Amino acid sequence: MEIIVRFFIIAIVMALLYVFCSLIFSFWVFPVLAYRKLKKNGLDGPSPSFPFGNLSEMKTENINVKSSSISHDIHSTLFPFFARWQNSFGKMFVYWLGTEPFLYIADPELLKKLSTEVTAKNWGKPAVFRRDRAAMFGNGLVMSEGDDWARHRHVITPAFNPTNLKAMASLMVETTTKMLDNWTTLVDSGTQEFDVEKEVTATAGEIIAKTSFGISYQSGRLVFEKLRALQTTLFQTIRFVGVPFGKMMHPKKALEARKLGQEINQLFLSLIDERRKMIRGSGPQNDLLGLLLKQSEHGGFTKSLTTKEVVDECKTFFFGGHETTALAITWTMLLLATHQDWQDQLREEIREVVGDKEIDVNMLSGLKKMGWVMNEVLRLYPSAPNAQRQAKADIQVSHDLSIPSGTNMWIDIVGMHHDPALWGDDVNEFKPERFKDNIHGGCKHKMGYLPFGFGGRMCIGRNLTFLEYKIVLTLILSRFSFTISPTYCHSPSIVLSLRPSDGLPLVLQPL
Ligand code: HEM
């Protein structure tokens with residue numbers, strides 16, 4: 001008996017010792033070894049403290065700056081810590097989120113070298129974000145890696161081919177016209193001011209629900225509401241990403257995110273079920289959901305998508321498919337409201353190109369100035385303010401720089417878009433003419449302008465965005481002129497995407 005008790009005690013002690021050693025290794029030894037390797041390559045950075053890394057500096061400095069005047073110099077207000085560390089360590093340094101070292105990159109030349117060394121399939125996404133954002137994206141295209149990523153990208157790409165995009169255009173016109181008719185009714189009844197961000201986001205949501213999932217906004221409304229709640233829970237609270245057991249510091253929020261994630265999964269499962277029944281009745285459809293389901297049923301043993309993978313892609317596209325485009329249109333309306341000359345120029349261009357005719361997809365390429373405006377807005381206010389990567393193998397960048405396998409990378413898109421060394425002294429001014437005859441907007445380096453990311457992992461939805469942006473803006477500008485409301489408070493903030501934290505109240509005038 002005594003021997004058995006002794007055996008159990010030894011077993012428990014050994015198990016505890018194993019857990020303790022694993023924790024020490026994963027939270028201390030491995031990160032420090034990775035850091036040493038990076039340092040050996042001459043990479044420096046702010047000193048971290050255990051277990052928060054540099055998070056305390058980042059959180060105290062990351063205050064929402066609210067201002068009644070509108071400055072486009074948003075890098076120094078949104079990321080004062082990056083701006084400061086850039087001054088001390090340059091455009092490439094190492095900082096820590098908890099016990100996770102991140103290589104900060106705002107150097108386009110380094111990015112160019114990295115993308116020639118690593119193919120899209122061989123890039124990873126930081127494991128710490130894959131875990132942290134699982135409720136939102138699961139293993140959808142934004143977060144997937146390796147063969148999984150290649151398989152998903154292959155299945156999804158046809159959903160955005162020119163024929164499918166063309167078919168989406170009439171739904172975009174119809175949905176936007178409904179929003180504008182509602183604006184006319186409101187203005188006629190005496191309401192001239194509304195929150196345009198809210199309006200445009202709902203319309204973009206309706207567009208993605210109809211075009212990619214074949215459902216009405218009403219049917220998708222609950223999903224949008226829950227996704228928005230999840231986004232707020234995950235990205236607006238003070239969180240401890242990368243800190244060991246960081247979720248336990250906000251157990252209520254962590255549970256809430258988990259619950260919302262499960263509810264969203266459930267909603268998509270019923271949506272998928274309904275579509276499967278419909279396919280049996282009327283045959284497959286070529287929208288995004290149709291393609292995903294076709295692959296889940298007929299993809300073959302190694303190529304098919306599991307139901308969980310279909311759900312993860314639905315989440316990714318429901319969210320990513322409307323918020324980013326809606327924000328690009330919202331920021332554009334702010335900039336046009338404060339630059340009446342550009343509002344007039346675009347209206348004039350629309351009169352010349354579209355006139356009184358119905359919008360036709362083929363006309364849109366004629367809206368050149370609108371294209372410059374879109375590029376300039378995405379430069380100053382990129383809806384996706386950063387991109388992340390993880391090295392899956394050692395990357396030999398040059399003879400004196402090697403990035404070890406496992407290194408997390410944080411690519412500061414806002415930082416590069418606001419860098420005077422790349423754009424000149426007028427970097428923070430709204431000047432769409434930069435993009436006249438120059439797709440890089442006169443940036444001194446081709447990789448310094450990355451609103452849609454880079455390489456093979458570039459945004460899959462960018463052509464959908466170009467189409468939607470031009471259609472929605474053409475219809476708005478043809479029916480209304482607008483100025484900024486005196487109640488507007490300029491306060492860009494990062495809630496995963498770059499958004500105006502108090503919406504965008506505009507005063508509208510029917511034409
Ligand atoms: C103004 C609009 C948009 C902007 C600024 C934008 C920006 C970006 C950026 C910067 C990336 C690269 C992220 C990275 O490298 O980690 C990306 C990827 C992605 N975007 Fe967009 N996006 C927009 C619209 C859309 C739309 C409309 C959709 C869907 C319909 C979409 C779906 C995706 C997906 C699924 C990926 C991941 C692609 C991959 O890794 O293969 N985006 N987007």
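## A tour from the ligand shell to the domain boundary

Begin at the ligand: helix H14 provides seven residues of the shell around it, the largest share. Helices, here and below, are DSSP runs of H or I with at least four residues, strands are runs of E with at least two, and both are numbered from the N terminus. This is a predicted model, in which local features need pLDDT of at least 70 and side-chain atom pairs count only at pLDDT 80 or more, while totals for chains, interfaces and linings use all residues. Residues are numbered from 1 along each chain as its sequence is written.

**The ligand shell.** Select the 25 residues that surround the ligand; Gly321, Thr324, Gly453, Cys459 and Gly461 are the closest. At least two residues of the shell come from each of H14 (307–337), strand S5 (386–391) and helix H19 (462–479). Coloured by class, the shell shows 13 nonpolar, 10 polar and two charged residues. Ala, Val, Leu, Ile, Met, Phe, Trp, Tyr, Cys and Pro count as nonpolar, Asp, Glu, Lys and Arg as charged, and the others, including Gly, as polar.

**Cys459.** Next, centre on Cys459, in the loop between helix H18 (420–423) and H19. An unreviewed UniProt entry places the annotation "binding site" on Cys459; such annotations may be inferred rather than shown by experiment, and UniProt positions follow the numbering used here, with feature names shortened. Cys459 counts as partly exposed because it has 19 C-beta neighbours inside 10 Å. A residue is buried with 20 or more other C-beta atoms within 10 Å of its own, exposed with 12 or fewer, and partly exposed in between, with C-beta atoms placed from the backbone. Leaving aside residues up to four places away in sequence, Cys459 touches Phe452 and Gly453; contact requires C-beta atoms, placed from the backbone, within 7 Å.

**Helix H9.** Now select residues 162–188, the 27 residues of H9, which reach 39 Å from first C-alpha to last, close to the 39 Å expected at 1.5 Å a residue. The expected span is 1.5 Å times one less than the number of residues. Display Met168, Met172, Thr175 and Thr176, the buried residues of H9; their cover includes helix H10 (196–213) and H19. Just after H9, Gly190 adopts a positive phi of about 105°.

**The two domains.** Finally, colour domain 1 (1–40) and domain 2 (41–510) separately; the bounds come from an automatic or database domain assignment. Their C-alpha centres lie 41 Å apart. Eight residues of domain 1 are in contact with 12 of domain 2. The side of domain 1 that touches domain 2 has five nonpolar, no polar and three charged residues.

Definitions and conventions
Near = placed C-beta within 6 Å. Contact = placed C-beta atoms within 7 Å.
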